[in-house]
Amino acid sequence: MGHHILPKRIILVRHGESQGNQTDTAYATTPDSQIPLTPLGIEQARRAGKSIHRVVSDDGLSHNWKVYFYVSPYQRARSTLREIGRSFPKDRILGVREECRIREQDFGNFQEAELMKANKSDRLRFGRFFFRFPQGESAADVFDRLSSFLESLWRDIDMKRLVHNQVCDDEINLVIVSHGLALRVFLMKWFKWTAEQFELLYNLDNCECRVIQLGAGGKYSLAIHHSEKELVKWGFSPEMIADQKWRANANKGDWNDKYLDTFFDHLPCDSSSSDSDDNDYVPCDQDGEMENNTHD
């Protein structure tokens, strides 16, 4: 760890069921930031609090854990955190910060149902990551502000602000209560996924969690807490799953350039072949083996 106090886990939580999840018409009369939870959403948040408590305490086996919360300023996220907080005594909570940059994607102001239906249809044709809603944001715009948030988060960690500049031997757990798309974008930024990989992902269910855990080698991975079956269910490609498994055991400083062959698969395997005639070039597969170009 060195002098840094790295969080053991970063737990991403989507808010509980809201009135907007029940019916899209809620957004036509109520600002998105003020959409409340339903009674079911409140119950979901309470259950999520108990589940998160079990995770950070290792089912009661850990005795030196602490939690720091970040929460979107939207009412449904704030209400979710209030219910989650019922599972945590104050002496276990390092702090809480309302963070505007982890709010949901802006879809415009009051949202007329038929117009939003047409916009979402256009988004499917255009691409979910780059499509920008009129008077609103694209997922790419959310990526930019989430990137800024992550820079601040790492400064907080580096400057020991989460532990109030004190020497700390506790296990630190960060819990981020936010929204479906914002959390998918967070994962995209964290794990350096491409726009194409983002398009594969499914939204978190209400009050569903993703646990990013620090491996023994110093890298963070979803594959430590979550099973391969879960990763498949969430839309991860085989390459994304393999990367999560690699991260679970890799050492800090190791580099897995998983995109190299995406852009440079047409290049020769070694420099000695760079001067050969283009017509004699035989491409390499990912393991450096020569491809079999023999035709039937």
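Predicted model: local features only at pLDDT ≥ 70, side-chain atom pairs only at ≥ 80, totals over all residues.
**Figure 1. Pairing of strand 1 with strand 4.** Strand 1 (residues 9–14) and strand 4 (residues 171–178) run parallel and are joined by 6 bridges. Ile 10 has Leu 174 of strand 4 as its bridge partner.

**Figure 2. Crossing of helix 3 and helix 4.** The axes of helix 3 (residues 39–56) and helix 4 (residues 75–84) come within 7 Å, with a crossing angle of roughly 50°. Helix 3 is therefore oblique to helix 4. The crossing is right-handed. Helix 3 contributes Ile 42, Ala 45, Arg 46, Ala 48, Gly 49 and Ile 52 to the contact, and helix 4 contributes Thr 80, Glu 83 and Ile 84. By class, the residues of this contact are 5 nonpolar, 2 polar and 2 charged.

**Figure 3. Crossing of helix 6 and helix 7.** Helix 6 (residues 139–158) and helix 7 (residues 180–191) have axes that come within 9 Å and cross at roughly 65°. This crossing is right-handed. On helix 6 the contact is made by Ala 139, Val 142, Phe 143, Leu 146, Ser 147, Phe 149, Leu 150 and Trp 154. On helix 7 the contact residues are Leu 181, Ala 182, Val 185, Phe 186, Met 188, Lys 189 and Trp 190. The contact of helix 6 with helix 7 has 13 nonpolar residues, 1 polar and 1 charged.

**Figure 4. Confidence along the chain and the stretch 278–296.** The average pLDDT of the chain is 87, and 86% of the residues score at least 70. Over residues 278–296 the pLDDT is below 50. In the model this stretch has 22 contacts beyond near neighbours in sequence.

Methods:
Residues numbered from 1 in each chain as written. Heavy atoms only, no water. pLDDT = per-residue confidence, 0-100. Contact = heavy atoms within 4.5 Å. Axes fitted to C-alpha atoms, helices over the stretch in contact; angles between N-to-C directions. Helix = DSSP H or I, 4+ residues; strand = E, 2+ residues; numbered from the N terminus. Parallel < 35°, antiparallel > 145°, perpendicular 65-115°, else oblique. Left-handed = near helix turned anticlockwise from the far one by under 90°. Nonpolar A, V, L, I, M, F, W, Y, C, P; charged D, E, K, R; others polar. Pairing = 2+ DSSP bridges.
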